[in-house]
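Here's a quick tour of one protein chain, written for someone who would rather look at residues than read about them. Have the viewer open and follow along.

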Amino acid sequence: MIVVGGIIGGGIFFTPARVAQTLPGGGWVLAIWAIGGVVGLAGALTFAELGALLPDAGGQYVYIRDAFGRLPAFLYGWMQLASIATASEAAVALVFAEYAGRIVNVAAIGGTFPLAVGTVVLLTIVNYIGLKPGTALQNAVTLSKIVALALLIGAGLVTWGRIGGAPPPAAPAAPAMGLLAGLAAAFIPVLFTVGGWENVNMVAGEVRDPGRLLPRALGLGLGIVIVCYLGANAVYLHALGRDGLAASTAVASDTAMRIIGPAGRTAITVAIMLSILGIVNVILLATPRVFYAMAKDGLFLSFAGRVHPRFGTPHLSILLMGGWAVALLFIARGQVNSLVDGVVFADWIFFGLAAASIFVLRRRRPDAPRPYRTWGYPVVPGFFVLAAVAAVASAVASAPRTSALGSALLVVGAAVYAVALRGARVSRSS
């Protein structure tokens, strides 16, 4: 359940449209989702060893720090703030607004963009005033994503024969690029959607008999996710067709309308909205506490370690995250794809670094206790590192402007680290 719950989020309710836009047919769409599942399994198996080796360490930040040093570890935290977590937050807030526009009149408030901004601001305030309101909200929406996906797939299978083929689009849209470029472009939203398997490393050190149970849990969990994602895409394609899927801005809502009708569409859309709202909330709930821990370790901006005297929250980190997420909404001009490209570019640089740390740590600490060793080592982690390189290259090729911005943010982060390190040295010498 940790594996499944960590992966299935809001992406499956909007990224399939981007995938369909770049590929010529349904077979290729399903194939790229299957490839994404295999990449996720390789990553999960690799991170399971790292999590079992360093169970109390704090995830990718510590793997990178121990293997490659303090600067790359700082840059991981910096990019979480500058792009990875905040752009994810902004992207899913936009999707929440798109789905809301299917059941309420958002024109009265200026459209979906102001609603997305308001969603980020509201949840920032909720998490600023304390952990309890944030967790209460999270508990209220955590099952919505599973319920919505199960209802959608189930309804699609039950009505498969009755709904017939997809209606012909008014103007069929051919992919704007060749097959190879299309596969590279489709790889980006797929990897955005299959992320989350790294959550298993948080409990790897507490699993009984991890050498036996971790591979089983990972294989079963990723298997369930792949079946769900392939099932959802099969239903989307059957109900809307490749062209209808490519043209949709709320694929699950449009699919529900086609297979169930207005009432079913409303119910599923509400469940999806709650699910997406929960994702925005959990980013604001968890990520600022990563910055807090890194600040206490002397590897992040010092103010991130401050706690509100009344609410007991890392309030400045929360405000910084929420404020920058709103800024990214304006920088990206409300374009979900630009935000997704930025997340994949930055996120997969550090996924690759963290996975590569398994080779460094095996060499440096050959006798360290490893309750679980990655199955298929060194091929499986090597494959994942190559997939991470391919992901970053795909992001650069498909979105050079966004990738250039990400590169600039890395340079700024290195400069911030140098200034902070110099300041710390001056402080110690005085």
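The second largest pocket is a handy place to start, with about 350 Å³ of space in it. Its lining takes in 19 residues, and those closest to the centre are Phe14, Ser248, Thr249, Val336 and Asn337. Keep in mind that this is a predicted model. From the pocket we'll go on to a closed cavity, then a helix, then the aromatic rings.

- Helix H2 (15–22), H5 and H15 each put at least two residues into the lining of the second largest pocket.
- Which helix gives the most to that lining? H2 does, with four residues.

**The cavity**
- Rolling a probe the size of a water molecule over the atoms shows where empty space is left.
- The structure has one cavity of 30 Å³ or more, and the largest cavity holds about 170 Å³ of space.
- Its lining is made of 14 residues, with Leu328, Ser338, Gly342, Thr402 and Leu405 nearest the centre.
- H5, H14, H15 and helix H17 (400–429) are the elements that give two or more residues to this lining.
- H17 gives the most to the lining of the largest cavity, with five residues.

**Helix H14**
- H14 runs for 17 residues and covers 24 Å from its first C-alpha to its last, close to the 24 Å expected at 1.5 Å a residue.
- Its buried residues are His315, Ser317, Ile318, Met321, Gly322, Ala325, Val326, Leu328 and Leu329.
- An α-helix has 3.6 residues a turn, so residues three or four places apart point the same way.
- What covers the buried residues of H14? The cover includes helix H5 (70–100), H6, helix H13 (262–296) and H15.
- His315, which is found in H14, counts as buried because its relative accessible area is 11%, under the 20% cut-off.
- Leaving aside neighbours within four places in sequence, His315 is in contact with Tyr128, Arg306, Val307 and His308.
- After H14 comes Arg333, which has a positive phi, near 55°.

**Aromatic pairs**
- How many aromatic pairs are there? The count comes to 14.
- Phe47 and Phe351 make one of them, edge-to-face, at 6.0 Å centre to centre with 75° between the planes.
- This pair links distant parts of the chain: Phe47 is in helix H3 (residues 26–53) and Phe351 in helix H15 (residues 336–364), 304 residues apart.
- Phe47 has 0% relative accessibility, so it counts as buried, and Phe351 is buried too, with a relative accessible area of 1%.
- Phe113 and Phe330 also pair edge-to-face, at 5.0 Å centre to centre with 80° between the planes.
- Here too the pair links distant parts of the chain, with Phe113 in helix H6 (residues 112–128) and Phe330 in helix H14 (residues 315–331), 217 residues apart.
- Is Phe113 buried or partly exposed? Phe113 is partly exposed, because its relative accessible area is 23%, which falls between the 20% and 50% cut-offs.
- Ring pairs also join Phe47, Tyr63, Trp348, Phe351 and Phe384 into a cluster.

**Charges over rings**
- Arg65 lies over the face of Tyr61, at 5.6 Å from the ring centre.
- Arg362 has its charged end over the ring of Tyr377, 3.7 Å from the centre of that ring.

Definitions and conventions:
Residues numbered from 1 in each chain as written. Predicted model: local features only at pLDDT ≥ 70, side-chain atom pairs only at ≥ 80, totals over all residues. Heavy atoms only, no water. Phe/Tyr/Trp six-rings, centres within 6.5 Å; stacked < 30°, edge-to-face > 60°. Buried < 20%, exposed > 50% of the residue type's maximum accessible area, 1.4 Å probe, protein only. Lys NZ or Arg CZ within 6 Å of the ring centre and 35° of its normal. Expected span 1.5 Å × (residues − 1). Contact = heavy atoms within 4.5 Å. 1 Å grid on protein atoms, 1.4 Å probe; cavity = no way out; pocket = protein on both sides within 12 Å on 5 of 7 lines; lining within 4 Å. Points joined across faces, edges and corners; volume = space filled by probe spheres on them.
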